[in-house]
Amino acid sequence: MKKLTDVFKGKSEMEKNQEELNLVSATIAELNEKRSKYNVILQGAQLELEIEEDASTKKRIKKLENGIEKVTAGIEEHQKHADELTQAIAEEVEQQRLARIEGAKKALEQQVYEAHRISALKQEMERLFSIYDSKSGLVDTRVLKQLVGLRYDENFNPIDPAHKELMQVASEATRVGKDRAQKEIDEVVKKLKEIVGLK
């Protein structure tokens with residue numbers, strides 16, 4: 001007969017417990033059947049003793065009673081083990097149930113996270129666009145123009161060396177400002193793409 005370890009090799013703890021419980025339950029059934037047979041034989045021997053007092057019948061009755069006690073003790077021991085296995089299986093079933101609930105909770109949490117992230121982002125973008133409409137295109141060169149005595153609505157004269165210098169300063173400031181803004185925009189767009197799932 002194969003060892004129990006060979007029979008259970010490669011199986012989950014719950015499968016092992018279930019198979020072991022099946023074996024223990026089969027053993028309990030065998031022992032109950034054996035005890036029933038002993039009881040039938042015992043009843044016959046006791047009836048025999050009532051008919052005729054006999055030392056060998058008394059001895060046989062004592063042996064049967066001892067056998068029934070031994071089998072009953074075996075049944076109780078196996079039943080205790082069966083109860084432990086049943087408890088272990090019930091605990092495993094409960095752990096699996098809780099794990100399924102936890103998995104479903106995490107999946108729902110992720111779905112809510114993704115849906116809320118996009119919906120909240122949409123609301124925030126709509127709010128920002130209304131602010132954008134009031135700020136777009138506002139570039140004020142007034143401070144540079146004042147340095148050479150120009151009004152806001154007057155343009156630089158490229159022939160004038162003082163104007164030419166300030167035009168170069170304005171051009172450099174424009175380039176640096178655009179580069180800095182574009183870098184920030186690229187980072188924001190990258191993050192927005194991640195948020196809406198366009199990685």
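1. Burial terms. A residue is called buried under 20% relative accessible area, exposed over 50%, and partly exposed in between, with a 1.4 Å probe and protein chains only. By that scale glutamate 48, with a relative accessible area of 40%, is partly exposed.

2. Basis of the model. This is a predicted model, in which local features need pLDDT of at least 70 and side-chain atom pairs count only at pLDDT 80 or more, while totals for chains, interfaces and linings use all residues. Residues are numbered from 1 along each chain as its sequence is written, and side-chain values use heavy atoms, with hydrogens and water left out.

3. Confidence. The pLDDT score is the predictor's confidence in each residue, from 0 to 100. Its mean over the protein chain is 84, and 86% of the residues reach 70 or more. Among the elements of the chain, helix α1 (residues 4-8) has the lowest mean pLDDT, 50, whereas α2 has the highest, 92. Where pLDDT is low, the predicted coordinates should not be read in detail.

4. Secondary structure. The protein chain contains five helices and zero strands, giving the pattern α-α-α-α-α along the sequence. Elements are DSSP runs numbered from the N terminus: helices are H or I of at least four residues, and strands are E of at least two.

5. Chain totals. The protein chain has 199 residues, of which 15% count as buried. It exposes about 16,100 Å², and carbon and sulfur atoms supply 56% of that area; accessible areas come from the Shrake-Rupley method with a 1.4 Å probe, and for residues only the protein chains shown count as cover. A contact means heavy atoms within 4.5 Å. Among contacts between residues at least 6 apart in sequence, 51% join residues at least 24 apart.

6. A nonpolar core is a set of buried Ala, Val, Leu, Ile, Met, Phe, Trp, Tyr and Cys residues joined through side-chain atoms within 4.5 Å. The largest one has nine residues: Leu21, Val24, Ile28, Leu31, Val71, Ile75, Ala82, Leu85 and Ile89. Helices α2 and α3 (55-135) each supply at least two residues of this core, and the largest share, five residues, comes from α3. Isoleucine 28 touches Ile75, His78, Gln79 and Ala82, not counting residues up to four places away in sequence. A second, separate core has five residues, among them Leu42, Ala45, Leu64 and Ile68.

7. Asparagine 17. This residue is found in helix α2 (residues 13-51). Is asparagine 17 buried or exposed? Its relative accessible area is 12%, so asparagine 17 counts as buried. Leaving aside neighbours within four places in sequence, asparagine 17 is in contact with Leu85, Ala88 and Ile89.

8. Side chains of opposite charge can pair when their charged atoms come close. The criterion here is a side-chain nitrogen of Lys or Arg within 4 Å of a carboxyl oxygen of Asp or Glu, and the structure holds 10 such salt bridges. In one of them, arginine 60 pairs with glutamate 48, the closest N and O atoms being 2.9 Å apart. Arginine 60 lies in helix α3 and glutamate 48 in helix α2, so the pair ties together parts that are 12 residues apart in sequence. Arginine 60 is partly exposed, at 36% relative accessibility.

9. Salt bridges within helices. Glutamate 126 and lysine 122 meet through their side chains in a salt bridge of 3.3 Å, N to O; both lie in helix α3, four residues apart, about one turn of the helix. Glutamate 126 is partly exposed, with a relative accessible area of 46%, whereas lysine 122 counts as exposed at 54%. In helix α5, arginine 175 and aspartate 179 are also four residues apart and so separated by about one helical turn. Their closest N and O atoms are 3.1 Å apart. Glu172, Arg175 and Asp179 are linked in a network of salt bridges.

10. Helix α5. The expected span of a helix is 1.5 Å times one less than its number of residues. For the 36 residues of α5 (residues 161-196) this should be 52 Å, and the end C-alpha atoms are 51 Å apart, which agrees. His163, Leu166, Ala170 and Ile195 are buried in α5. The helix is followed by glycine 197, whose phi is positive, near 85°.
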